[in-house]
Every structure is written in structure tokens, then in C-alpha cells.
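Subject: Structure handover

Hello,

Here is the structure I said I would pass on. Please look it over first; my notes follow below.

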Amino acid sequence: MNPKWNGQFSCFDLVARTGDCSSSVVRVGEIEIGSGDFVVMAGPCAVESERQLLQTAAAVAKAGARILRGGAYKPRSSPYAFQGLGLEGLKILRKAREETGLAIVTEVMSEEDVELIAEYADLMQVGTRSMENFALLEKLGGCGRPVLLKRGMTATLEELLRSAQVIAMNGNPQIILCERGIRTFETATRNTLDIAAVPVLKTVSRLPVIVDPSHAAGVRSLVPVLARAAAVVGADGLLVEVHPYPDQALSDGAQSLPFHQFREMMDDLQPYLAIRDAARQPPLELLAAEGVG
Ligand code: PEP
Ligand code: MN
């Protein structure tokens, strides 16, 4: 590990692991993230219709997910792509929460939408393209909801922690970090899952860390195996895209799991979660390792 990371994060005092401070536990409704449980958040990339979301909510809840994901405001790579249902999507998410009891995570892209989205969401998602939208991060400091902060696709872990510090400095320490793959020279996968980010962040920061294998992989066949890796390296949970008919999805269908594959993934994870639980303590003493490998 870069020796700079050996306790040199006092400037990020609200999110770094300084001295003997304990790990943060983030509360999303009744759910605790960072206290040992492996919390799975699942659902479609985008809310497309009431039927699509309610079907998905029921399926992922039955399979063991505890938080329902679904974008109502979508950041898209192309201006011609589906932009999301906006307020209508938020209302559908609320209905899904009422029907299933699942908590809701959904993306906020602009500081102007923070108040509205906070009325509907239990967890506010900051997407990879917004990690350095500082006006948004500042506003989220006062939103009264926990924040899921995704790593910028070209951001270092230091930059991710800096963004987390901005949210915390503005009054909100309830932050979950998310590794969702970074942009590298590799083109075989949509992004490159930086699996080392999980133990590094868990060591230098006090915040919970989850993994999004869907955006990292870009193809559904890789999602379950990346989810295994996330469990074994000590992640606090997953963010996974699931769709009733992935081939008809309006966004990210190729990386979305159909219901049966999501169920299989949840079953398949069990032995890996046992490994995670047996080795739960992060190897903090590694912080003292010399030099850069
Ligand atoms: C998403 O979760 O659907 C999303 C847009 O993710 P990211 O910001 O990581 O690309
Ligand atoms: Mn997506």
C-alpha cells in the first residue's frame, strides 16, 4: 500500500479512520450497513413502469435483498437514451416500498432535486458522473438522508474520500462508499473492478463500503463471480441490477440479472459470506507495512 496512506488522512478527519475510532454504521430506515450484515440492494437500472418495478421489488425481496434500487433521474452517456421517469418514477418507488417494505435507493443528479428526492428515497445515490459535483455534495450534507457515494470512474480513492469529507463537513456523516469499477485500458469488461479498493477503504476510512458488480462488469455472466469476490474481501454489501426481462430493458440490460439468476446469485453467495464473516476484522496492522509494493 502506498505509504502515504499510512494514517495520513487526518485532513479527511470526518471519514478517515483516525486513532482508534470505530467504524461508522449507516442506518437506512431500519437497516444497518457497516455493522456486520451483508446488505444487498437490487433492482432495475431505471424505473420504467409500475409493473416492471413492482414485479422486480417482489422478486428481489423474496430472494433476500433489503433495499430496492431504481433510477428515476438517469445520467446517460447519450442524450438520446432513456432519461428516466422523473417524479413519476419516484412515486412508483414509493409504491414499491409500501408493498414490500423494502427501503429505496435512487440517484440524485442535481442539487435542485435533493429536497424532492429526499421525500421519496431512504438512501440518496450519487452516481459516478457526479462524484465531484461539489454543489450537489454540499446540498446532500443537509438532506437528512444517508448517502451512497459512488466512486468516479476516473477517481482515485483519495478523491473519493475527499468527496465523502465534503458531504460530512456539510453536516451528514451517514455515507456509504461504492466501488463500481474504474476506467482503465482494459476493454473486455465495461469497467475494471478495483477489488483492492474494498480492503483499502475499509482500512483507511471508517465508512461502510459496498460493491456494484453490474456496472463494473457490463455483462451479467460476470456479476455473480464479482459478487463473490466482494463478499470475500469484506464488502458490506452489493448494488446489483435486476430486471424482469433484461433483453427489453431501456438501460443496462446486458448487465442486468433476470430474477432466477439473481436468486441463484444470492444462494451461491452463502459460502463466500461465511468466509467473510470468519475473517471480518480488516487487517489494520497492514497499515504499518513498509513501502510501496
Ligand atoms: C446506476 O447505478 O444505474 C448508475 C448510473 O451507476 P454509475 O453512476 O455507477 O454509472
Ligand atoms: Mn445502470
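**Notes on the predicted model**

Q165 has its place in helix α5, which spans residues 157-169; helices (H or I, at least four residues) and strands (E, at least two) are DSSP runs, numbered from the N terminus. This is a predicted model, in which local features need pLDDT of at least 70, side-chain atom pairs count only at pLDDT 80 or more, and totals for chains, interfaces and linings use all residues. Residues are numbered from 1 along each chain as its sequence is written, chains are lettered from A and ligands numbered from 1 in the order in which they are written, and side-chain values use heavy atoms, with hydrogens and water left out.

**Helix α5**

Is Q165 buried or exposed? Q165 is buried, because its relative accessible area is 6%; buried means under 20% relative accessible area, exposed over 50%, and partly exposed in between, with a 1.4 Å probe and protein chains only. The side chain of Q165 has a polar contact with the side chain of D13, at 2.9 Å. A polar contact here is a pair of N or O atoms within 3.5 Å; within protein, one must be able to donate a hydrogen and the other to accept it, and residues adjacent in sequence count only if both atoms are side-chain atoms. A polar atom of the Q165 side chain also lies 3.1 Å from the backbone nitrogen of L14.

A168 is in helix α5 too. A168 counts as buried because its relative accessibility is 8%. Between the C-alpha atoms of A168 and R27 there are 15 Å in space, and the two residues are 141 apart in sequence.

**The manganese ion**

Which residues are the protein donors of the manganese ion (ligand 2)? They are C45 (SG), H215 (NE2), E241 (OE) and D252 (OD), at 2.1 to 2.4 Å from the ion. Donors are N, O and S atoms within 2.8 Å of the metal (3.2 Å for Na, K and Ca); water is not among the atoms, so sites may look incomplete. Along the sequence, the spacing of the donor residues is C-x169-H-x25-E-x10-D.

**Ligand 1**

The residues surrounding ligand 1 are C45, R69, K74, E107, Q125, G127, T128, R129, K150, R180, H215 and E241; a residue is counted if one of its heavy atoms lies within 4 Å of the molecule. Oxygen atoms of ligand 1 lie 3.0 Å from a side-chain N or O atom of K74, 2.6 Å from a polar side-chain atom of R180 and 3.2 Å from a polar side-chain atom of H215. On its own, ligand 1 has 300 Å² of accessible area, and the protein covers 97% of that; the areas come from the Shrake-Rupley method with a 1.4 Å probe, and for residues only the protein chains shown count as cover.

**The loop between β10 and α9**

This loop holds D252. D252 counts as buried because its relative accessibility is 18%. The phi of D252 is near 55°, a positive value in a residue other than glycine. Most residues other than glycine have a negative phi.

Q255 lies in the loop between β10 and α9 as well. With a relative accessible area of 2%, Q255 is buried. Which side chains does the side chain of Q255 contact? One polar contact is with the side chain of R190, at 2.7 Å, and another is with the side chain of D252, at 3.2 Å.

L250 also has its place in the loop between β10 and α9. L250 is partly exposed, because its relative accessible area is 45%. L250 and T203 are 47 residues apart in sequence, and their C-alpha atoms are 38 Å apart in space.

**Two further residues**

E264 is found in helix α9, and with a relative accessible area of 49% E264 is partly exposed. P75 lies in the loop between β4 (67-69) and α2 (87-100). At 16% relative accessibility, P75 counts as buried. The C-alpha atoms of P75 and S130 are separated by 9.0 Å, with the residues 55 apart along the chain.

Regards
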